[in-house]
Structures are given as C-alpha cells and as structure tokens.
Amino acid sequence: MFACNFFYNLFLLKLKNLGIIWTMLLIGNDSRVQAAIAAELEQVFAGEEDDCEITTEHCRQMKYLEMAIKEALRIFPSGKYLLVLFRG
C-alpha cells in the first residue's frame, strides 16, 4: 500500500510541475504578458523591502498573474493525464 501511495503522490507532483512548466513557457513567450505581470508585481510590492515575505494578501492582489496561470492551465490541462493513468 505504501508503494502505491508513494507513486500516486509522485505522479501528482509531476502533474503540478507540468502545469508550472507550461505556465512559465507561455508567459516567457509573450512579452506583453511579462510586462503586465512585472507591472502588477511592482504595484503590489511598492513600498515593501526587497526581502519581504509574500503573504496571502499579496497573492490576492495579483489578479493578472492569477488569470495568466488559469489560462495556461486551461490551454494545457494536466488533469487529462490522470484519466490516462486511471483508464490505462
């Protein structure tokens, strides 16, 4: 049972990483999106020190970044790989 849970958790971790990789690839290929995210981060962290901790309040203010991540996951959903695993 331990081995099954281990491999299942490892597979889910890979799926999460795949979503992050696709998101970074899509953001990296569009300079307009990069500029908009950079501007949003400048606005959210304006007046903060360079080494401040990122809080949930900061994350709530990052609307454009949230939309970019959701769009990347819409275009390249990693959930479909779960169907392949369970059907195979």
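Modeller: A definition must come first: helices (H or I, at least four residues) and strands (E, at least two) are runs assigned by DSSP, and they are numbered from the N terminus. The model is a predicted one, in which local features need pLDDT of at least 70 and side-chain atom pairs count only at pLDDT 80 or more, while totals for chains, interfaces and linings use all residues. Residues are numbered from 1 along each chain as its sequence is written, and side-chain values use heavy atoms, with hydrogens and water left out.

The protein contains five helices and zero strands. Read from the N terminus, its elements follow the order α-α-α-α-α.

The part to be examined closely is the meeting of H2 and H4. Two packed helices are described by the angle between their axes and the distance between the axes. Each axis is a line fitted to C-alpha atoms, for helices over the stretch in contact, and the angle, from 0 to 180 degrees, is taken between N-to-C directions. Helix H2 (residues 31-44) packs against H4 at an angle of about 145 degrees, and the two axes lie 8 Å apart.

Which residues make this meeting in H2 and H4? On the side of H2 they are Val 33, Ala 36, Ile 37 and Glu 40; on the side of H4 they are Lys 63, Tyr 64, Leu 65 and Ala 68. A contact here means heavy atoms within 4.5 Å. The residues of the contact of H2 with H4 comprise six nonpolar, no polar and two charged. In this classification, Ala, Val, Leu, Ile, Met, Phe, Trp, Tyr, Cys and Pro are nonpolar, Asp, Glu, Lys and Arg are charged, and the others, Gly among them, are polar.

Another residue of H2 is Ala 39. Ala 39 and Tyr 64 are separated by 25 residues in sequence, yet their C-alpha atoms are 9.9 Å apart in space. Ala 39 is partly exposed at 47% relative accessibility.

Lys 70 is exposed at 53% relative accessible area, whereas Glu 66 is partly exposed at 33%.

The structure holds four salt bridges. Among them is the one between Glu 57 and Arg 60, at 3.6 Å from N to O. Both residues belong to helix H3 (residues 56-61) and stand three residues apart, about one turn of the helix. Glu 57 is partly exposed at 42%, and Arg 60 is exposed at 53%. A further salt bridge links Asp 30 with Arg 32, whose closest N and O atoms are 3.5 Å apart. Asp 30 is partly exposed, with a relative accessible area of 22%, while Arg 32 is exposed at 65%.

Helix H1 (residues 2-28) includes Thr 23. Thr 23 is buried, with a relative accessible area of 6%. Leaving aside residues up to four places away in sequence, Thr 23 touches Ile 69 and Ala 72. Leu 18, also in helix H1, is partly exposed at 26%. Leu 18 and Phe 76 are 58 residues apart in sequence and 9.1 Å apart in space, C-alpha to C-alpha.

The cysteines deserve a brief remark. A disulfide is a pair of cysteine sulfur atoms within 2.5 Å. By this rule the count is zero disulfides. Cys 52 is partly exposed at 25% relative accessible area, as is Cys 59 at 43%.

The whole chain may now be considered. Of the 88 residues of the protein, 15% are buried. Among contacts in the protein with a separation of 6 or more, 61% are between residues 24 or more positions apart. The accessible surface is about 7200 Å², and carbon and sulfur atoms supply 63% of that surface. Such areas come from the Shrake-Rupley method with a 1.4 Å probe, and for residues only the protein chains shown count as cover.

Definitions and conventions
Buried < 20%, exposed > 50% of the residue type's maximum accessible area, 1.4 Å probe, protein only. Salt bridge = Lys/Arg side-chain N within 4 Å of Asp/Glu carboxyl O.
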